[in-house]
Amino acid sequence: MAKIYVIHENDDWTRHLVNRLEELNLPYESWHLDEGIVNLTEAPPEGVFYNRMSASSHTRDHRYAPELTGAVLDWLEFHGRKVLNGSNALRLELSKVKQYTALEKHGIKTPKTIAAVGKQQVIEAAKALNIVPFITKHNRAGKGLGVQLFYSIAALEEHLAKPDYEEPVDGIVLIQEYIESPESYITRVEFIGGEYFYSVQVDTSEGFELCPADVCQIGDLFCPVGEEPKEQRAKFEIVENNETKLLENYANFLKDSGIDVAGIEFIRNAKGEVFTYDVNTNTNYNSDAEAKEEKYAMLQLAKFLGQELEKVTAQKVK
């Protein structure tokens, strides 16, 4: 019997989806690809294959999970299986350079960025960018990991000289202009099945750790003994989005890139200019924000996967 196959490397990020698939009584199988075998002499099973491999897998000791997933996706696509977020989506997930060039191709503005390999080259790139302040980030990262803000070249040099400096897993560092939001937030736009679902506003006042999944949340802020904690605004909040043209451009970009499910992040500067800086093809959702608005992306995703499975099953009957 055909099934829904969920390709991933992190059970914490797939648990909510699995619960929804079970709620809808949909047949599924989890493929945890931290290690495995791809038998090119055999055909894969029938079904719908949903790829949600993460660029940050190496931070969970799954260094080669993306490479293994790439081999699996090539195998599936060669045999004509229905793959959602296929091999090109994976390539974009693993490289912000690829993301930015693809976004710009669709008229979507990204921050000024220079890529570099090697510590001295990173310094030279920052000088060439000639914008202060600036940020560095890993080309292949996820969750905002590796993002640092600098107000001078000297500060960057000091950072690179630290013994605990972390090299990017692919060696590529991005030096990027810092886009400051007057209200300290970014917006993440969620698409499911290529269709816009909702936008979530993310409070960045506490830093760059922007993963919306429950398992990524930072604990309660330190509160001195004897003091009542101050009321904090929600870190993640579903909001209205009137950026019609931007949403249309995003939808076209996703369609042309072979991406079926994604969260795209943008920021607005003091002049009102919008800059898009990240595409997440293993997108996660925040339960508190969803419960408040009664919009449930994992339920919508499970329904979408069920519809795709029906199509595959119907084609096999013919």
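Tutor: Begin with a definition: a residue counts as buried if its relative accessible area is under 20%. The model discussed here is predicted. In it, both Tyr198 and Tyr285 are buried.

Student: How is a pair of aromatic rings described?

Tutor: Such a pair is described by the distance of the centres and the angle of the planes. Eight aromatic pairs occur in this structure. For Tyr5 and Phe49, the ring centres are 4.7 Å apart and the planes lie at 10°, so this pair is stacked. Because Tyr5 belongs to strand β1 and Phe49 to strand β3, the pair ties together parts 44 residues apart in sequence. Both residues, Tyr5 and Phe49, are buried. The pair of Tyr198 and Tyr285, by contrast, is edge-to-face, with 6.5 Å centre to centre and 75° between the planes.

Student: Which residues form one aromatic cluster?

Tutor: Tyr5, Trp31 and Phe49 form it.

Student: How do strands of a sheet pair?

Tutor: They pair through backbone hydrogen bonds, either parallel or antiparallel. Here, four strands make an open sheet in the order β2-β1-β3-β4, with parallel pairing. Strands β2 (28-32) and β4 (82-84) are at the edges with a single partner strand each, so one side of each has no neighbour in the sheet. From one strand to the next, the twist averages 20°.

Student: Which strands does helix α1 lie across?

Tutor: Helix α1 (residues 11-23) lies across β1, β2 and β3, and runs at about 165° to β1. Helix α9 (residues 297-317) also packs on the sheet, where α9 touches β1, β3 and β4.

Definitions and conventions: Residues numbered from 1 in each chain as written. Predicted model: local features only at pLDDT ≥ 70, side-chain atom pairs only at ≥ 80, totals over all residues. Heavy atoms only, no water. Pairing = 2+ DSSP bridges. Helix = DSSP H or I, 4+ residues; strand = E, 2+ residues; numbered from the N terminus. Axes fitted to C-alpha atoms, helices over the stretch in contact; angles between N-to-C directions. Contact = heavy atoms within 4.5 Å. Phe/Tyr/Trp six-rings, centres within 6.5 Å; stacked < 30°, edge-to-face > 60°. Buried < 20%, exposed > 50% of the residue type's maximum accessible area, 1.4 Å probe, protein only.
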